[in-house]
Amino acid sequence: MLDVKFVLANLEVVRKALEDKKAANEHTDLAKLPLLEEQRKKAIQEAEKLKAEKNKLSKEIGVRMGRSKSLAREPEKLLAVNAEIADLQKQSKALNDRIQALETDQGRIEAERDEMLAWVPNIPHASTPPGTSSADNVIMRTEGRKPQFDFAPKAHFELGSKLGILDTDRGAKISGSGWYFLRGDGARLERALIAWFLDVHRARNGYEELLPPFFVTEKTLYGSGQFPKFQEQMYYAEMDKLYAIPTAEVPVTGYHRDEILDEKDLPKKYVAYSACFRREAGAAGADTRGILRVHQFNKVEMLKLTTPQSSYAEHEAMLENAEHLLKELGLHYRVVLLCRADLGFSAAKCYDLEVYAPAADKWLEVSSVSNFEDYQARRTNLRYRPADGGKPQFVHTLNGSGLALPRMVVALWECNQQKDGSILIPPPLRKYMDGQERIAAK
RNA sequence: GGAGAGGUGGCAGAGCGGUCGAAUGCGGCGCCUUGCUAAGGCGUUGUACGGGGCAUAACCUCGUACCGAGGGUUCGAAUCCCUCCCUCUCCGCCA
């Protein structure tokens with residue numbers, strides 16, 4: 001979330017962001033905020049004044065209680081002290097009701113304010129283009145060569161079923177539509193991709209590997225900005241009140257929650273594999289053939305915690321880390337800078353990587369590389385202490401897919417298919433498959 | 001799932017109704033002693049919110065809150081009571 005003070009000082013900027021991101025709703029009436037803040041401060045001031053008074057009285061009582069104990073032999077003085085005590089107690093008690101009323105007020109005001117802030121999205125970075133839909137995204141550049149075929153390339157679901165490496169029918173039989181089996185070399189290729197991605201990010205790019213829990217609490221979801229907006233997209237285990245993660249970003253963002261890191265330990269760079277679970281409610285129909293949109297998929301996610309000064313440089317570096325994989329695999333892809341309307345709720349800036357799939361003649365989104373600035377860190381209360389010893393600051397958080405598997409698999413199968421229906425395995429993956437160079441029908 | 005023990009400042013660890021935001025040790029920071037190393041002496045040491053100083057900075061100062069979380073008892077709670085969460089030990093179950 002945003003800093004209240006920032007919102008109050010920049011109401012127009014925030015209003016613009018609500019509009020750009022089409023995030024305005026009944027919770028986001030910013031006009032109320034200055035008044036709420038004023039009422040809040042007033043309640044705090046009054047309550048604290050009364051509490052100071054009460055604390056003083058209690059101390060006085062303590063002193064007299066001590067004296068009273070030593071006066072057992074002097075009944076007259078004892079009586080006088082006890083009378084004083086009774087009087088002070090009465091005064092102190094009288095304060096309690098007023099204090100409680102003020103605190104109740106304050107709690108109510110803060111709850112209303114926080115509800116509002118929870119629905120306010122992050123402000124787009126100055127370098128993000130304006131726009132009203134994904135049609136206004138800017139294609140920064142296109143890399144690699146478009147694959148050429150002297151035959152009609154087959155779609156991934158056709159290749160997959162002919163080669164016996166993808167089984168959507170049995171996936172649907174045991175779990176319903178949107179679930180699938182990978183089989184044989186298909187399953188092995190998936191595993192090879194995961195292992196290779198992790199190895200590149202660890203050894204080449206310097207990320208530390210994490211293997212996170214796949215189920216998390218509601219509080220954790222709130223920290224990465226999935227709540228309250230995307231609640232209905234998540235699988236929920238009611239008996240344990242746990243949610244299946246939609247991305248490893250969620251547990252890894254929560255990893256350092258409520259901590260104060262040292263600046264010298266920044267940037268922290270983590271890479272995590274996880275299965276990702278999405279209900280995809282309301283998405284039935286479009287792009288559902290095969291495994292383009294499924295309920296469970298594998299993904300390798302990069303995450304960084306940085307200082308505000310270096311976050312945009314780290315953002316570019318992270319983009320390069322994801323691109324490197326696509327280059328090594330020899331894929332045709334493009335880098336897209338999202339316009340403000342297409343930018344996620346919590347993000348300030350985001351690049352998408354889209355890879356070309358020849359059969360459908362479509363660009364498939366395989367990565368999203370975002371800078372959240374301090375938006376997630378504020379929710380998750382994750383700060384760092386500056387090297388000069390100043391007050392703790394919120395870190396900047398970034399994350400990016402590196403990469404999302406099913407769509408990568410679709411592109412790889414389709415781009416590397418041969419006339420005889422087999423699929424060539426790209427060189428970087430062969431060592432993870434016992435040197436195998438090709439997936440052919442059994 | 002059952003039984004027991006416990007959750008205190010960066011860490012370790014006292015306190016178990018009244019000047020306790022919290023002893024002590026370690027660590028960190030500053031100054032001093034010291035030929036290097038080792039060691040020693042003195043001082044300092046959290047976070048958030050609000051007021052004032054002030055430029056809505058740094059910083060200083062005052063107040064309030066924070067001893068796992070949330071409630072309760074009391075004039076007053078780290079200390080007593082309740083609920084929840086987590087950790088550890090033993091038993092059971094299990095990949």
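A salt bridge is taken here as a side-chain nitrogen of Lys or Arg within 4 Å of a carboxyl oxygen of Asp or Glu. The model is predicted, so that local features need pLDDT of at least 70 and side-chain atom pairs count only at pLDDT 80 or more, while totals for chains, interfaces and linings use all residues. Residues are numbered from 1 along each chain as its sequence is written, chains are lettered from A and ligands numbered from 1 in the order in which they are written, and side-chain values use heavy atoms, with hydrogens and water left out.

**Exercise 1.** State how many salt bridges the structure holds, and identify the residues that are linked in a network.

*Solution.* The structure holds 27 salt bridges. A network of them links Glu37, Arg40, Glu110, Arg113 and Asp114.

**Exercise 2.** Describe the salt bridge between arginine 64 and glutamate 84, including its place in the chain and the accessibility of each partner.

*Solution.* Begin with the distance: the closest N and O atoms of arginine 64 and glutamate 84 are 2.4 Å apart. Next, locate the partners, using helices defined as DSSP runs (H or I, at least four residues) numbered from the N terminus: arginine 64 belongs to helix H3 (residues 33-69) and glutamate 84 to helix H4 (residues 75-118), so the pair, 20 residues apart, links distant parts of the chain. Finally, consider relative accessible area (buried under 20%, exposed over 50%, partly exposed in between; 1.4 Å probe, protein chains only). Arginine 64 is buried at 16%, whereas glutamate 84 is partly exposed at 32%.

**Exercise 3.** Explain how glutamate 12 and arginine 15 are placed relative to each other in their helix.

*Solution.* Glutamate 12 and arginine 15 form a salt bridge whose closest N and O atoms are 2.5 Å apart. Because they are three residues apart in helix H2 (residues 11-20), about one helical turn separates them. Glutamate 12 is exposed, with 54% relative accessibility, and arginine 15 is partly exposed, with 33%.

**Exercise 4.** Characterise the surface near RNA strand B, where a residue is near if one of its heavy atoms lies within 4 Å of the strand.

*Solution.* First, count the residues: 20 surround RNA strand B, and the closest are Glu48, Met65, Gln89, Ser92 and Arg383. As for individual contacts, a side-chain N or O atom of asparagine 55 is 3.1 Å from a phosphate oxygen of RNA strand B.

Key: Helix = DSSP H or I, 4+ residues; strand = E, 2+ residues; numbered from the N terminus. Polar contact = N/O pair within 3.5 Å; in protein donor to acceptor, adjacent residues only side chain to side chain.
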